[in-house]
Amino acid sequence: MTVEEFRDIIRYNEPYFVYRGRTYSICHPDGRFYVRRDDWPVNEDLAFQNVDDLLEHWMIEGRPLKDVLPETEP
């Protein structure tokens, strides 16, 4: 998935994707973006202020989300 495709999807959906065998999910109930990984404890999640913050600062295996997206599976 490209960054542009992600930006289109995130407007209307709360997507999940698989990267290196792990499932990640994103929700944005109050305008903030909350993210989780399938093996995190229930109370553990991260929050980001907006899509740009999410793309730049969500680090997945040491890489920002924007760099990981092309290698994800829906």
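## A buried tryptophan

Trp58 counts as buried, at a relative accessibility of 1%, where buried means under 20% relative accessible area, exposed over 50% and partly exposed in between, with a 1.4 Å probe and protein chains only. The model is a predicted one, in which local features need pLDDT of at least 70 and side-chain atom pairs count only at pLDDT 80 or more, whereas totals for chains, interfaces and linings use all residues. Residues are numbered from 1 along each chain as its sequence is written, and side-chain values use heavy atoms, with hydrogens and water left out.

## The aromatic cluster

A pair of aromatic rings is described by the distance of the centres and the angle of the planes. Here the rings of Phe, Tyr and Trp (for Trp, its six-membered ring) pair if their centres lie within 6.5 Å, and planes under 30 degrees apart count as stacked, over 60 as edge-to-face and the rest as tilted. By this rule the count comes to three aromatic pairs. The pair of Phe17 and Tyr24 is stacked, because the ring centres are 5.4 Å apart and the planes stand at 20 degrees. Phe17 is buried, with a relative accessible area of 1%, and Tyr24 is buried as well, with a relative accessible area of 2%.

Tyr24 also forms an aromatic pair with Trp58, and this pair is edge-to-face, with 5.8 Å from centre to centre and 75 degrees between the planes. Because Tyr24 lies in strand 2 and Trp58 in the loop between helix 2 and strand 5 (59-60), the pair ties together parts that are 34 residues apart in sequence. Helices (H or I, at least four residues) and strands (E, at least two) are DSSP runs, numbered from the N terminus. Ring pairs link Phe17, Tyr24 and Trp58 into a cluster.

## The nonpolar core

A nonpolar core is a set of buried Ala, Val, Leu, Ile, Met, Phe, Trp, Tyr and Cys residues joined through side-chain atoms within 4.5 Å. The largest nonpolar core has 18 residues, of which Phe6, Phe17, Ile26, Leu54, Trp58, Ile60 and Leu65 touch the most other members. Helix 1 (3-12), strand 1, strand 2, strand 3, helix 2 (51-57) and helix 3 each supply at least two residues of this core, and helix 2 gives the most to it, with three residues.

Which residues does Leu65 touch, not counting residues up to four places away in sequence? Leu65 touches Phe6, Phe17, Leu54, Leu55, Trp58 and Ile60, where contact means heavy atoms within 4.5 Å.

## The sheet

Strands of a sheet pair through backbone hydrogen bonds, either parallel or antiparallel. In this model an open sheet of four strands has the order 1-2-3-4, with antiparallel pairing, and two strands are taken to pair if DSSP finds at least two bridges between them. Strand 1 and strand 4 (46-48) are the edge strands, each of which pairs on one side only, while the twist averages 25 degrees from one strand to the next, with axes being lines fitted to C-alpha atoms, for helices over the stretch in contact, and angles running from 0 to 180 degrees between N-to-C directions.

Strand 1 (residues 16-19) is joined to strand 2 (residues 22-27) by four bridges, and the bridge partner of Tyr16 in strand 2 is Ser25. Strand 2 and strand 3 (residues 33-37) likewise pair over four bridges, with Cys27 standing opposite Tyr34 in strand 3. Strand 3 and strand 4 pair over three bridges, and in strand 4 the bridge partner of Val35 is Leu46.

## Positive phi angles

Most residues other than glycine have a negative phi, and most peptide bonds are trans. Arg20 has a positive phi of about 50 degrees although it is not a glycine; Arg20 belongs to the loop between strand 1 and strand 2 and counts as exposed, at 58% relative accessibility. Glu61, a residue other than glycine, also has a positive phi, near 50 degrees. Glu61 lies in the loop between strand 5 and strand 6 (63-64) and counts as partly exposed, at 43% relative accessibility. In the hairpin of strand 2 and strand 3, which has five residues between the strands, Gly31 takes a positive phi near 90 degrees.

## Thr72 after helix 3

Thr72 lies in the segment after helix 3 (65-68) and is buried, with a relative accessible area of 11%. A polar atom of the Thr72 side chain lies 2.8 Å from the backbone oxygen of Leu69. Leaving aside neighbours within four places in sequence, Thr72 is in contact with Met1, Phe17, Val18 and Tyr19.

Methods: Polar contact = N/O pair within 3.5 Å; in protein donor to acceptor, adjacent residues only side chain to side chain.
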